[in-house]
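I opened the notebook to record the sheet, the helices against it and the charged pairs. The entries follow the order in which I looked things up.

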Amino acid sequence: MSGRLESKVLLVTGGTQGMGLAFAQRAATEGARVVIGARDKDRGEEVAAQIRSAGGSALFVPTDVTVEEEMARLVDAAVTEYGRLDGAFNNAGGGPMASVRETDSDNWHQSLALNLTSVFYGLKYELPAIIAAGGGAIVNNASVSGVKGDGAQAAYNAAKHGVIGLTRSAALDVARSGVRVNALVTGLIDTPLWQNVVSQAPEVAERYLSAQPTGRAGTSDEVAALTAFLLSDEATFISGASIAIDGALTA
């Protein structure tokens, strides 16, 4: 079991389903040692065990990414277990859909905490650890909605737009420290969150699907492949970028 991520220690938040899970599995297959942070302890332990049973190396750390102390503990666990941290995929996110007029204060703050503040907490503790390890890379999962906009996703749009700006700021801050920071501008991806929309609001799902130039949703494996490349040593001159993986939606 080897590949371009061989021997790297990589952290992933939201790594128990969807894009985070696909990346954790791919990274382990490529030889990385994977540290998974998520809230669901049972599911997290199951995912880590599955990776280990397939011959990979994985550690699960129960983590609420909206709590600074828990993000600090996640990074510390990676360094304690494996001796260093080489990279991270700040992937956790989500939240309800609502327009500006429909969004209440609690929804606003919860969405920003999950989709933007969590990335800030990740960067705050990941960057020093990666610099101490001699350099590496971070990928933050933004969204096409943070670029294109969506009238029905006010708080989520604002948060993901913030992730893109935060990514650029972090990349410039550490440009001479051997650490690269990029963002994924993900489009419609077939994840459990998307499947929930399909089952709960099929008319909404059809509206989003009909707007896809390719006529289909992307897959978590396709996102994992791009993330693996950006965290590898093959992407050493890519930093501060917001890279679309959206089937030409924003082209």
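Is Lys 124 buried, partly exposed or exposed? I found Lys 124 partly exposed, at a relative accessible area of 39%; buried means under 20% relative accessible area, exposed over 50%, and partly exposed in between, with a 1.4 Å probe and protein chains only.

Source notes. I worked on a predicted model, in which local features need pLDDT of at least 70, side-chain atom pairs count only at pLDDT 80 or more, and totals for chains, interfaces and linings use all residues. Residues are numbered from 1 along each chain as its sequence is written, and side-chain values use heavy atoms, with hydrogens and water left out.

Sheet. I traced an open sheet of 7 strands with parallel pairing, in the order β3-β2-β1-β4-β5-β6-β9. Helices (H or I, at least four residues) and strands (E, at least two) are DSSP runs numbered from the N terminus, and two strands pair if DSSP finds at least two bridges between them. β3 (57–62) and β9 (242–245) are the edge strands, each with a single partner, so one side of each has no neighbour in the sheet. Neighbouring strands are turned by 20° against each other on average, direction ignored; axes are lines fitted to C-alpha atoms, for helices over the stretch in contact, and angles run from 0 to 180 degrees between N-to-C directions.

I then checked β1 (residues 9–13) against β4 (residues 87–90): they pair in the parallel sense over 3 bridges. Leu 10 has Gly 87 as its bridge partner in β4.

Helices. I saw α4 (residues 105–132) pack on the sheet, touching β1, β4, β5 (136–141) and β6 (179–186), with its direction at about 170° to that of β5. Contact means heavy atoms within 4.5 Å. Helix α2 (residues 41–53) lies across β2 (33–38) and β3, at about 175° to β3.

Salt bridges. I noted 10 in the structure, each a side-chain nitrogen of Lys or Arg within 4 Å of a carboxyl oxygen of Asp or Glu. Lys 124 pairs with Glu 68, the closest N and O atoms being 2.7 Å apart. Glu 68 lies in helix α3 (residues 68–82) and Lys 124 in helix α4, so this pair ties together parts that are 56 residues apart in sequence.

Arg 73 and Glu 70 meet at 4.0 Å, N to O. They are 3 residues apart in helix α3, about one helical turn.

Last, I followed a salt-bridge network linking Arg 4, Arg 26, Glu 30 and Glu 234. Glu 30 is buried at 10% relative accessibility, whereas Arg 26 is partly exposed at 30%.
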